[in-house]
Amino acid sequence: WISDGDYLTVRNIALGYAFKPSATKYFKSARIYVSIQQAFVFTKYKGQNPEASIGRDDAIGTYGQDLSTYPVPRTLMVGANFNF
């Protein structure tokens, strides 16, 4: 019933590249980017994620219990910005 809930997480990583204005003749500026949220979770916790706990704000006595809630999602976003 008792498990070590220590963890280290890397939440947000963003990488982008802005093209020089002279590099493209069709756009005033252009930028591409990639972003990831909840990139890495380092833990020895046996559950899905030590951060996902439905009872952490509960006032009826289930504080700190992992009740098999949904895990914290990992989100990958790819995009581009163009100015004409």
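Student: What is the relative accessible area of Gln 38, and is the residue buried or exposed?
Tutor: Buried means under 20% relative accessible area, exposed over 50%, and partly exposed in between (1.4 Å probe, protein chains only). Gln 38 is buried. Its relative accessible area is 5%.

Student: What kind of model is this?
Tutor: Residues are numbered from 1 along each chain as its sequence is written, and side-chain values use heavy atoms, leaving out hydrogens and water. Local features need pLDDT of at least 70, side-chain atom pairs count only at pLDDT 80 or more, and totals for chains, interfaces and linings use all residues, for this is a predicted model.

Student: What is the phi of Gln 38?
Tutor: Most residues other than glycine have a negative phi. Gln 38 is not a glycine, yet its phi is positive. The value is about 60°.

Student: Which strand holds Gln 38?
Tutor: Strands are DSSP runs of E, at least two residues, numbered from the N terminus; helices are runs of H or I, at least four residues. The protein has zero helices and three strands. Gln 38 falls within residues 29–43, which is strand 2.

Student: Which are the edge strands of the sheet?
Tutor: Two strands pair if DSSP finds at least two bridges between them. The three strands make an open, antiparallel sheet in the order 1-2-3. Each edge strand pairs on one side only: these are strand 1 (7–19) and strand 3 (75–83).

Student: How many bridges join strand 2 to strand 3, and what is the partner of Gln 37?
Tutor: Strand 2 and strand 3 run antiparallel, and the bridges joining them number nine. Gln 37 has its bridge partner in strand 3. That partner is Thr 75.

Student: Which residues does Gln 38 touch?
Tutor: Contact means heavy atoms within 4.5 Å. Residues up to four places away in sequence are not counted. Gln 38 then touches Thr 9, Val 10, Arg 11, Asn 49, Glu 51, Val 72, Pro 73 and Arg 74.

Student: What share of the 84 residues is buried?
Tutor: Gln 38 is one of the buried residues. Across the protein, the buried share is 19%.
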